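Hi,

Here's the structure I promised to send over. Have a look at it first, then read on for my notes.

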Amino acid sequence: MSPKYTYIGHGTHLLQTGGHTLIIDPFINGNPATTLTVDDVECNFILVTHGHGDHVGDAVAIAQRTGAPCIANAKVCKWLEAQGAPKTHNIYFGGWQTFPFGRLKMTIAFHGSSLPDGSDGGSPGGYLMETNEKERIYFAGDTALFGDMALIGEEGLDLAVLPIGDHYTMGPDDALRAVKLLIPKHVVPSHYNTWPVVAQDGEAWAKRVKAETKATPHVLKPGESVTL
Ligand code: NI
Ligand code: MN
């Protein structure tokens, strides 16, 4: 069965693949882009890209209720455990790790990672996922454009989920350059229109993606999905 991606809103994503449900950066409480509540979230795995509050979000509450393990770098894992997450799993840059839903590799990101209480959240990252059916999905996390996206692109991407909000991350111009380096079949813009500081025109960006690349852009409203 093909994986189904749902844009929860801002930097929060849901992926359903082979009977597993993963939430990436579960920012629900205080996220202006979603009407979900923390109790609405059902998942088997929680992935966290970095320590910022709009990414660790409600990971602990969701982990406690669902029993889902949190996957993140070692410092974020240690912090989540200290806050009460029942199970965590460390991941490091560059090595594949195998999980019931497929394989996962942490990718680099140029950004910060301080945790909500100011403690050090290690290095920020993104995730390259390969489902059990071999579809490859790249969640960039919060990042600037970097040239090594070309190396991630060489892995062959079915879907790339990229920030376009500007200010904290790549804006539309650099996200378009990212699509040219990553060469994904499908691309979803994220991390924009949450607050005025990251206001962007997703449809205008999608038009540029269509005109200048072979990728198919999907401009999703919070709660909307695309099946690969
Ligand atoms: Ni951030
Ligand atoms: Mn963010």
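Below is what turned up around the metals and around one histidine.

Keep in mind that this is a predicted model.

Let's start with the nickel ion (ligand 1). Four residues coordinate it: His50 through NE2, His52 through ND1, His111 through NE2 and Asp142 through OD, at 2.2 to 2.3 Å. If you want to find these donor residues in the sequence, look for the spacing H-x1-H-x58-H-x30-D.

What do the angles say about the site? They run from 87 to 174° among the 4 donor atoms, and the site of the nickel ion (ligand 1) is irregular. Four donors would count as tetrahedral if all angles were between 85 and 135 degrees, so the 174° angle rules that out here.

His50 and Asp142 come from distant parts of the chain, 92 residues apart. His50 is in the loop between strand S4 (45-47) and helix H1 (53-56), while Asp142 is in the loop between strand S10 (136-139) and helix H4 (149-153).

Are these two buried or exposed? His50 counts as buried because its relative accessibility is 0%, and Asp142 is buried as well, at 2%.

Now for the other histidine. His13 lies in strand S2 (residues 12-17) and is buried, with a relative accessible area of 5%. Its side chain reaches the backbone oxygen of Gly11 at 3.2 Å. Beyond its neighbours within four places in sequence, His13 is in contact with several residues, including Tyr5, Leu22, Phe139, Val161 and Ser190.

Cheers

Methods: Residues numbered from 1 in each chain as written. Chains lettered and ligands numbered in written order. Predicted model: local features only at pLDDT ≥ 70, side-chain atom pairs only at ≥ 80, totals over all residues. Heavy atoms only, no water. Donors = N, O, S within 2.8 Å, 3.2 Å for Na, K, Ca; no water. Tetrahedral: all angles 85-135°; square planar, octahedral: opposite > 155°, others 65-115°. Helix = DSSP H or I, 4+ residues; strand = E, 2+ residues; numbered from the N terminus. Buried < 20%, exposed > 50% of the residue type's maximum accessible area, 1.4 Å probe, protein only. Polar contact = N/O pair within 3.5 Å; in protein donor to acceptor, adjacent residues only side chain to side chain. Contact = heavy atoms within 4.5 Å.
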